[in-house]
Each structure stands twice: as structure tokens, then as C-alpha cells.
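Here are my notes for you on this model. Have a look at the picture, then go through the points one by one.

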Amino acid sequence: MLTSRRRLLSGVLLGSTAALLPIGARAASVRVETLLSQMTLPEKAGQLSCFNDEIRPVGAVFNPVIDPRGGDAMLADIRAGRIGMLFNGYGVAGARRAQEAALTSRLRIPLAFAADVLHGCRTIFPIPLAEAAAFDPDLSRRAARAVAVETTAGGIHWTFAPMVDVARDQRWGRVAEGAGEDVLLNQLLAAARVEGFQGPDLTRADALLATPKHFVGYGAVRGGMEYAAVDMSGAELRETFLPPFTAAFAAGAGATMASFTDFGGVPVSANRPLLTDMLRGELRFDGVCVSDYDADRELIAHGVAADEADAARLAILAGIDMSMQSGLFVRHLPALVAEGRVPLGAVDQAVRRVLTLKERLGLFDDPFRSIDRRAERRETGSVAIKQVAREVATRSIVLLRNDGGLLPLPRAGKRIALIGPFGADRANLNGPWSFAGDAGDGIDIATGLRAILDDPALLVVEAGSAIGESLPGGIERALVAARGADIVLLAIGEGADMSGEGNSRTDIIVPAAQQALAEAVAAVGKPIVVLLRHGRALALTGAVRDAPALLATWFLGEQTGPAIADILFGKVEPTGRLPVSFPIASGQQPWSYDRRSTGRPAPDSDPMTPGRSHWRDAPDQALYPFGSGMGYTRFALSALRLPGTVAAGAAVPISVLVRNIGTRTGSALIRLDVHDRVASRTRPIRQMKAFARVTLAAGAEARVALTIVGDALALIASDGTRQIEPGRFDCWISAGDETEIGGSFEVR
Ligand code: GLC
């Protein structure tokens, strides 16, 4: 086939030019080098500029369009070669119009189309944090693949996802977009999501280029406040925040996005040590680095750029390849190069990367790749994608409490009162970043329950309160419903607009009006099951904390109702585990299970021991720590096998016998944590290094093997290098609830 011969040819010639190219810029093809040699400086600046798509705009995106120009002016700019990529547009028809315009430009360089597709395009999945609760990289890979098929069918080549920022401060609204507080889970899901989005061959029409973001450390914003400064040691950066990026790049991610934030006094958008020395030198990443939204212009507000030209200069010299929405590159790079303030080589290097990305996507061979009305009709909202969305939703739900085996509920014979603002709500199913999703498509909790109940007439639904304020007569009506019921389901928590970007909260509690409703309903004395809706861990209090049954249900997207019903009535067993710790109080944030011991650790037996590490009003503990969660059965662990000693860097094989001691088939998440007893730097009191899932029938048992990969025991030594230090390591194996069995091994 022509393209394969051409690709072969360009491959053959690669060797001759490879040595000439700067570090980290994959040797460009003959086609790219030829194009580059033909481009004017304004055309190069245009290729390095991307803008909100005003030709086929989609509704629910976070940022208001800065400097809107309208669709016709945008088409004119495309024809003039002033735009390299559009983002957050949706639909094949509009994509065709934009691409046709690009093909009338002087050099006919096709556009790339990107979008913020984090957890679904048109069919909205559970938020990424919810999906992380499944602790299942294969599920995450399949979910990303299903989303990629629907997204590319809508005329999009590139997603600004996965978000891989480790997040230990639940006040930060963007914890919703990632995989939570644990490094290993973030690493595994970052790689799985990249593989799922991109698929086996980036030139395929259903391949969606991935953009692990936001490089790097955004999750550590001071005080959990959105856009706040970040400052951390090199060791913390390399041990906690960098690994998910390294895993995503190793999985073949084609792009990355720089973080908005000030990093140690130099905003990432102007931080050459991060964007060039680390990203290109140390990590050998050769994809495109796109700025965040208007982030280059924000260097002025940060106080490191005097004006827009200065901001553009700082950004391109630091290693930003593509400027988002500000237009600074297209307006200022030609003059900056002409004045000698920016070397032409810096511009060419960025253009090489952008053109190479388009070549890797197959856009030069087929500019109308992923612009196919038949695919759009076939793949949008398909039965297949809805099935995956439902599977992810049921796997995301975490059962945190089930006193007296209240759950699962019987499908008949019980009068049920569904109380709370989310009982029959569809406006808050999707959570933040729900791109082209239509809230009206979702299936609410009440509808999901009615579909599974033998007699739907036994279900009464009362909002009882609004999300943020009380309803006139709401509590009274809710109390009537509660008094007439055998079981109360309390559907409460956060509204979709309380989560995601720009939604940091100082107090991560259930809104007061809903708490008041919960207290009043609890006083009626009927058994209560809390169905919590949330985009982060919450600090639960009072009747919500004390309810006999509690399900963490996140924002589950379109399939919310069916998934909750499946779990509530035992059609599917709850298998989720918390990817973020639920604290006792907001004031404990930031907090994570793998914290340091301090020099005065409080004993677990008396966590408030005077003079030891705790607050006056809270212990150094969580209400539900990372990994919490249970099913409808229980497991016993025994016969732990582990080596006495292992060589540094060797894999550590560990196994345990797991028995299902309950009455129902169940799926256990077996998790292995380790603690390095003595090291040259302080170490986490425990940290997950492996996990595996096993499904067992009642009474059955199986030996589950877990392996700690050699490098997982390394630390960043004081000289900045990764070291595996000899010494004794404690290890614990748990099954999610309190069951835990421990031992230790020696690393020589
Ligand atoms: C937003 C986010 C980023 C997103 C971009 C484009 O502000 O920080 O994650 O991809 O702008 O919408």
C-alpha cells in the first residue's frame, strides 16, 4: 500500500537525519522535514496554536471562550494557516467543514481535533476517581477503549486525558478527575487509560491520542486551593507525583499538558528544568507538550512575564510546544525570532513535534480520518458502550458500612422511602467534565429502583431538601415518607458543580441543608442506607456517618440508577475499594494512608495519647482509609508465604490462602502493603505495592500470589538517585475489611 511504502521510505531515511535532531524530538520523517523547510515563520507559529472550536462548539466545558472570534473568522484563520488544532468541538459535520478549510491552506496541513474527554464523550461514564475504585486496570483499559470509539466517531482525534495527578488533599476539586491518593494505583491506571484511549495503532480511525496531565505536581496545590502554588522536594516529586507520568509515557502517550501552577517559584509553563531537562532529557518524552488554557498568558499574572511577548518567549524556551487559546504564539513568535529573542531552532523543534503527532495519527495520509457519518451514527450511544458504562458504574460503588447485613435489600415486601435531592435527580449524575453528555440521558436512582422492584408502588420518593438549601415543607414531607416506610434510602451529597476544576472546598462535608434532613429522618428510627454522591472523599458527620449502611456512589454518569439498584438488591456484589481516604474532619487535609510516622507516632491502641502525633480534636487516622470497602460476604486469610531474604532489585513473591467464609459468592481485593523499617530517608508507614482480585464461592478457598516488582522497594536517596537499600521490610496482606495478615522479609 502506498502509505506503508512511503512510511517505509521515510523510516529508511530516518537514520540519516536522526543524529541532527535535538534530544527528545523523535527523528522527524522526510515528509515532516520537507514540510518544515517550506513553512513560513507565521505558518510555524500557527501550527503551534490551538483554540476552542467555535465552528462546532460543545456545551459543557469549563472555560469560557477567551477572545471569541466566531465560526466564520475561525475558518478564515484556518485557511490562513494560523491554527494547528481545535479543541472541544464535537460532531462529524463540523469537523469536515474545518478540515476542508485546512486543506485549502497554502501547505494543506490538516488540523488535529482534541477534546476534554475524561470519562465519556456523549455517553458519560463514572468520573475517573469512581472508576479507580474498581482497582482494575483491565476494566479501565476497556472503558477508555469504549470511550475512544465513541469519541473518534464524533470527529475527535485527541483527548486531554487521562488526568494523572496524584491527589492527597480532598479539598481540591480536581481529585475527581484522577485515580486518587495512591502512587501505584495512579501508575497502573494511567498506563491502562493511555493504552485504552490510543489502542494498538494510532493511525486507526478509532485511535484517540492520550494526554497524561497536568505535568507535574498539580495535585499538591497549597491548601487544596485551585491554581495555588506548589512547592515540594525533588524526592517527593520523583516518588509521588512523577511515577504516573512515567507510566503513561511508557504506555506510549502521544502528548502531555503542562500544569498552570507555580512550581517552586517558577510556573510550569516557564519552567525549563521541568519541561525540557526532566520531560525531554530524563524522561525522554518526545510527544507534544501543550500548555493549559491561557496558561502562557497567565505568566504575567504569576509575575514572571512583563507582557504577552515575554510570556510567549518564556513558554517556548521552557518547552511548551503548543499554546492554548491565548494566541500568544501566533501573535508574537515571528517577531521574537526576528528580534533574536527566540532561536528559530526552538520553534522548529516544536513544529517538528506537532507535525510528527499529526503524522502518527495518520492525518497526512487521510485528513478525514475519524470524520465518517456512518461511524458517528453507529457508535454514538451504542448498546455496547452503555453496557461498559454500566459495568464500570457497578464496579465503582464502594460499600463502606453494612451493620447487621442490612444490605442487600429484598426486591419485594418492603416499603422503601427514597429521600434526598438526588433521589430523582438527573442534573447531577455526570459530575464534572462531562463533555458532550446530556444530563437528560441519564437514568436516575428512582428509575433504577423501580425497574428492579417487584412492586414499584412500594417506593416513595421525597427530595426533602435541595442540594444547598432547605425546601419549604421538604423535611416534613420526608418525615411522612420515612414513617410510612420499612427502609429509608438517603440520596445525599455533592452537586456536580461542587466538584472538578475551580471547585476547591474548605469544608468537605455534606451541605448543611442535607445534613439537617438526614438528622431529622434518622430521628424517625427506621433503618437508613446512605447513597452518597460525591466527587472527592467527604468528612461525614452525625446521622450520615452513623447510618447502619453506607454506599459511596461518586458521580456514576448515565447508568447511575441501574448500577445503584444492582448493588442495593444484590444483583451484583459491591466490589469497589476507596481510592481516596475519607477523613474524620476537613482540617486533617492533606492526608493519605501512606504518611510518615513522625518522631512521636501515636499507638493505634490509643491514637489520642497526649504528646503524640494527632490533633486536639482528631487522631492521625481516617474514618475510612484508602482501600476500605466490603462485599456481601467475608474472607479469611491464612498461610502467608514469603521469602526470608531477597536480593536488592529482585522480585518478591508472596502468597496467601484466601477463604470465603460467608454465604455468598464474593470477589476479594487482596492487597499487599510494605514498610521499610530503617532507611536513609523516612518512609511511608505503609504503602501498597501489589494487589490482585479473586472471586470465590461460599466456603471455597484459593492461594493468591502477589509479586512486588524489584524497583518498587526503591526510594529516592538524598543524592536524588533511586536506591534500593538493604534492610528488613514489614508486609501486610489485607482483604479490604479489617482482615489482615502480616510478616516481614530481608532485602540483602
Ligand atoms: C482546563 C484544564 C485542562 C483542560 C483545558 C482545556 O482549564 O486545566 O485540564 O484540558 O483547560 O479545556
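1. Start with aspartate 116: an N or O atom in its side chain is 2.5 Å from an oxygen atom of the ligand. Lysine 213 also has a polar side-chain atom there, 2.8 Å from a ligand oxygen, and for glutamate 501 the distance to a ligand oxygen is 3.0 Å. These are polar contacts (pairs of N or O atoms within 3.5 Å). On its own the ligand exposes 310 Å², and the protein buries 99% of that (Shrake-Rupley areas, 1.4 Å probe).

2. A word on the source: this is a predicted model, where local features need pLDDT of at least 70 and side-chain atom pairs count only at pLDDT 80 or more, while totals for chains, interfaces and linings use all residues. Residues are numbered from 1 along each chain as its sequence is written, and side-chain values use heavy atoms, leaving out hydrogens and water.

3. Who else surrounds the ligand? There are 14 residues, and the closest are Asn63, Asp116, Lys213, His214 and Asp292 (a heavy atom within 4 Å). Strand E5 (213-215) and strand E9 (288-293) each supply at least two residues of this shell; strands are DSSP runs of E, at least two residues, numbered from the N terminus.

4. Now hop over to an open sheet of three strands, in the order E21-E23-E26 with antiparallel pairing (at least two DSSP bridges between paired strands). Strand E21 (635-641) and strand E26 (701-708) are the edges, each pairing on one side only. Eight bridges join E23 (residues 652-660) to E26, and arginine 659 has glutamate 701 in E26 as its bridge partner.

Key:
Helices (H or I, at least four residues) and strands (E, at least two) are DSSP runs, numbered from the N terminus. A polar contact is a pair of N or O atoms within 3.5 Å; within protein, one must be able to donate a hydrogen and the other to accept it, and residues adjacent in sequence count only if both atoms are side-chain atoms.
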